Amino acid sequence: MLTLALSKGRIFDETMPLLKAAGIEVLEDPEKSRKLILPTNHANVRVVLVRASDVPTYVQYGGADLGVTGLDTLIEHGGGVAGGVATAGLYQPLDLQIAKCRMSVAVRSDFDYAAMVKQGARLKVATKYTTIARDFFATKGVHVDLVKLYGSMELAPLTGLADAIVDLVSTGNTLKANHLVEVERIMDISSRLVVNQAALKMKQADIRRIIDAFSAALSAGK
Ligand code: PRT
Ligand code: MG
């Protein structure tokens with residue numbers, strides 16, 4: 001049995017065409033079904049639905065053989081950025097180029113970020129992505145007090161909880177709607193295929209077939 005961990009929403013939706021290219025079709029719609037284990041047209045392949053931030057954990061500890069996860073989630077999990085190289089027990093063979101966005105710093109439009117940085121002021125930064133934020137500001141030489149949040153980061157600068165946020169931006173509409181402006185782009189984000197290292201050895205042929213099919217679909221789409 002091969003188990004693939006996915007999160008509902010954009011990652012599930014954008015992984016479907018790649019699975020289809022590998023000849024795999026999920027037989028139930030996660031938005032309609034309450035099931036957490038979804039069968040596919042292959043009796044030996046199943047999809048498990050987990051929280052986006054839990055995908056690396058499932059794959060690392062073998063609850064799933066492979067999974068799809070955002071680079072943001074992977075870094076925060078401790079998976080590192082090393083392309084293809086196994087970190088935290090996770091082999092990362094492919095950048096799937098899906099669920100694309102960027103990690104950015106944003107502030108209230110009336111907050112002079114450049115001046116604050118130039119003055120060497122201490123910034124209060126709210127984020128769910130503390131590893132990425134800490135590394136970024138340390139490299140920049142900016143002193144920060146990080147405030148860990150689990151969602152609705154955009155609210156922090158509006159309520160005085162923080163001077164700045166580090167969050168994912170896609171269209172920029174959420175920032176705009178909350179009168180925030182993007183002042184730094186930290187990194188581009190896309191989703192990665194992650195594979196459990198032991199599974200890679202024991203189920204090599206099945207996993208290889210999926211990696212190769214995804215890889216061919218990605219080249220064809222370019
Ligand atoms: O929602 P939940 O708390 O369960 O988990 P999650 O937010 O980690 O999952 P999900 O499914 O929302 O996101 C999964 C992955 O999609 C993330 O880890 C990213 O790699 C990727 N992704 C791509 C995004 C976005 N685009 C995105 N726009 N994840 C989140 N957003 C949010 C962003 O945080 C902000 O609140 O959308 C808002 C901004 O969008 P725009 O278009 O208004 O700029
Ligand atoms: Mg979300």
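Author: What follows covers the ligand shell and then a sheet. This is a predicted model, in which local features need pLDDT of at least 70, side-chain atom pairs count only at pLDDT 80 or more, and totals for chains, interfaces and linings use all residues. Residues are numbered from 1 along each chain as its sequence is written, with chains lettered from A and ligands numbered from 1 in the order in which they are written.

Reader: How many residues surround ligand 1, and which are the closest?
Author: The count is 22, and the closest are A52, G70, C101, S170 and T174; a residue is near if its C-beta atom, placed from the backbone, lies within 6 Å of the molecule.

Reader: Which element gives the most to that shell?
Author: Strand β9 does, with three residues, while α1 (10-21), α3 (71-77), β9 (164-169) and α7 (173-177) each supply at least two. Helices (H or I, at least four residues) and strands (E, at least two) are DSSP runs, numbered from the N terminus.

Reader: Changing topic, in what order do the strands of the open sheet come?
Author: The order of the five strands is β8-β7-β9-β6-β10, with mixed pairing, where two strands pair if DSSP finds at least two bridges between them. Because β8 (144-148) and β10 (180-189) stand at the edges with a single partner strand each, one side of each has no neighbour in the sheet.

Reader: And how many bridges join β7 to β8?
Author: Five bridges join β7 (residues 123-127) to β8, and the two run parallel; K124 stands opposite D145 in β8.
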